[in-house]
Amino acid sequence: MATPMLRWCCPGRRWIFAGIGGGSRHGRGVPTGSTSSGKKGQSSVAQQPLITAQKPRKGEREWAAVVGLEIHAQIASNSKLFSGSQVDFAAPPNSLVSFFDASLPGTLPVLNRRCVEAAVMTGLALDCHINRKSLFDRKHYFYADLPAGYQITQQRLPIAVNGSLAYSVCVGKRWSQMVTRTVGVKQIQLEQDSGKSLHDNLRSQTLIDLNRAGVGLLEVVLEPDMSCGEEAAAAVRELQLILQALGTSQANMAEGQLRVDANISVHHPGEPLGVRTEVKNLNSARFLAKAIDYEIQRQISELENGGKILNETRSFDYKLGCTVPMRDKEGKQDYRFMPEPNLPPLLLYDSGSLPTGADPQQVIDIDQLRERLPELPRVTREKLVRQYGMLPEHSFALLNEVGLLEFFQNVIKETRAEPKKVTSWVLNTFLGFLKQQNLAVSESPVTPSALAELLDLLDRKAISSSAAKQVFEELWRSKGKTPAQMVAEKKLELMQDAEALEQLCRSMLEAHPQVVTDVKKGNPRAINKLIGLVRRATLGRADPTVIKEVLERQLSS
Amino acid sequence: MWARAVWLGLRASAGGRRGFPSKAAHQGSRRVTAELIEHLERLALVDFGSQEAVARLEKAIAFADRLRAVDTDGVEPMESVLEDRCLYLRSDNVVEGNCAEELLQNSHRVVEEYFVAPPGNISWPKLDEKEPFSHR
């Protein structure tokens, strides 16, 4: 089958994607084998689709993709949303389960104040309208890890609506071309998490652990304003940073604290929206964009081959690198939403409407929470750019690694070197070493003080740039010595005696008349030989740029 | 017995159903189709084992339909009898849990400290696969 030219534009990016590999993998032949139906646990790397940029051919119609996201973030709280059992990632099975979580008769939900505050803070950070009154509902479906047979959520009237999330994507090949996009936040709602199922296919049974059942979740629904995997991934990343800055969720995808479902459809620009599919099981930051792009490409392939898109739920198979339909015998789900009869409406107040004489523990003041909001990542980045004159992409890089910003600020505090120098050393040298050995900032053998001291030596011109790199490498490998000690030991200090250097250069020029002639003839590279000779004569203790300057001066006189 | 439970349930929830569109409420006739029965049975895991059960269901719907005689224009629906109550907010402290042994005693089968459930979801035979009893 001829591979059609599949063209799909990410608006503003002007990228055209050519058809991926084989029409054999797309079209009707989508694998429907059973996949890992657990919510986490993905292993090997998926195949990289071949993407090339090409100009649109005449007569071919463009495709536009529409991506909406439903993001579930586990609230960082001590206890669960409606019960007093503990929230913890790793604990013996079923040890963090109360009678309510196990859905034993006679138990009732009691709302956790911290979870409400977390929802309000997140809503404020995303510029949402906070509903002064919100309601709880029951969403019914049967699954072994949902003991009650329903999930308490907020379907009719959620706690926050109509916000927006700004994120940045890079257009073009380099990080430096970044643009800001916005995606609408449809709503934020509080809901319960379900327990965990471990499928034992060998013995044909499922093992249930209810430790996670009842943990508070924030569901953030993003409007279908995104058009490709990269935008979706960038939006999720920014939301992650915001949640972490607020402290409302640790939002760690690897630990299941942040889960993403995507709603994807394609259509020709100007025509109505296409049928959408829901892709679940997107629990890895690495594969989020790939999975979404795969599904977009699959839909385009299917439609260009004359097929139809089914409104179905699909799952991303990390091993195969493609989306597969989930077993869905019942067709469209009917959740039979009903009001949660055991919970009155949730009422929130602001400074203007606080009831007098009310118990402060029992009322939530939105204005008070707004005042106490921590600094958002966007603001932190703007400050960095303003204060230190760094490029926007540097501010992104600093916030992108846990602990890196703090490290940077500690170095700045202790060093007299210029901020631009510090930025460069932290983002290039320091981060480079970390990445090479796959270490977190907290595991770094080099402390901010050590780097600050090193940069001071460099700033004072006590050592050369290459010597500094040597010392840094040495600091990384062995602890216990300060940069100054290392410099002294290895005799890396720059020559401070200008007169001695002049002498050395002059004698070198006299000793190599041939090279001098070469330079005078106009060969620019010849001088490097002289520089090298002088450097060796000084045992590497002279700055090459200074040597060059001296030589050039002497040659021209 | 299940059918009776459903009937009682329908009576109780008739008042609160207004906010949610439901197929039954919008059906003009009192007939309950075989498809709807199958749908309800799968959703609620009840068993309309006999024709009498279906007849009782239809009578219950007719009974609830009498609510339509009331003019509710401009009246806000009541979501809960608790709507005037204060929603109590609990402090975020750990006060429960650590009773795995007790909870696991409720389970028919247990493996180490896990509850054991059948694989996948609760399956349901299709309409034509079931033992037929004649719907009207």
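Okay, let me start with a definition: buried area here is the accessible area that two parts lose on being put together, summed over both. Keep in mind that what you're looking at is a predicted model.

So, chains A and B. The area buried between chain B and chain A comes to about 4,400 Å², and carbon and sulfur atoms give 60% of that. On the chain B side, the residues losing the most area to chain A are Leu87(B), Leu89(B) and Arg90(B), together 18% of what that side buries. In terms of contacts, 59 residues of chain A meet 43 residues of chain B.

How many salt bridges are there across the interface of chain B and chain A? Zero, by the rule used. Polar contacts are another story: the rule finds 22 residue pairs across that interface, both partners at pLDDT 80 or more. As for which elements of chain B touch chain A, α3 (34–44), β1 (89–90), α5 (100–104) and β3 (114–117) each supply at least two residues.

Now over to chain A, and its own helix α5, residues 377–388. That's twelve residues, reaching 16 Å from first C-alpha to last, close to the 16 Å expected at 1.5 Å a residue. Which of its residues are buried? Pro377(A), Thr380(A), Arg381(A), Leu384(A) and Tyr388(A). Look down the axis of α5(A) and those buried residues fall within an arc of 100°, so they line one face of the helix. Covering them, among others, are α2 (229–246), α6 (392–400), α7 (404–414) and α8 (419–436) of chain A. And just after α5(A), there's Gly389(A), with a positive phi of about 65°.

How values were computed. Residues are numbered from 1 along each chain as its sequence is written. Chains are lettered from A and ligands numbered from 1 in the order in which they are written. This is a predicted model: local features need pLDDT of at least 70, side-chain atom pairs count only at pLDDT 80 or more; totals for chains, interfaces and linings use all residues. Side-chain values use heavy atoms; hydrogens and water are left out. Helices (H or I, at least four residues) and strands (E, at least two) are DSSP runs, numbered from the N terminus. The expected span of a helix is 1.5 Å times one less than its number of residues. Buried means under 20% relative accessible area, exposed over 50%, partly exposed in between (1.4 Å probe, protein chains only). The arc is that of the directions from the helix axis to the C-beta atoms. Contact means heavy atoms within 4.5 Å. Buried area is the accessible area (1.4 Å probe) that two parts lose on being put together, summed over both. A salt bridge is a side-chain nitrogen of Lys or Arg within 4 Å of a carboxyl oxygen of Asp or Glu. A polar contact is a pair of N or O atoms within 3.5 Å; within protein, one must be able to donate a hydrogen and the other to accept it, and residues adjacent in sequence count only if both atoms are side-chain atoms.
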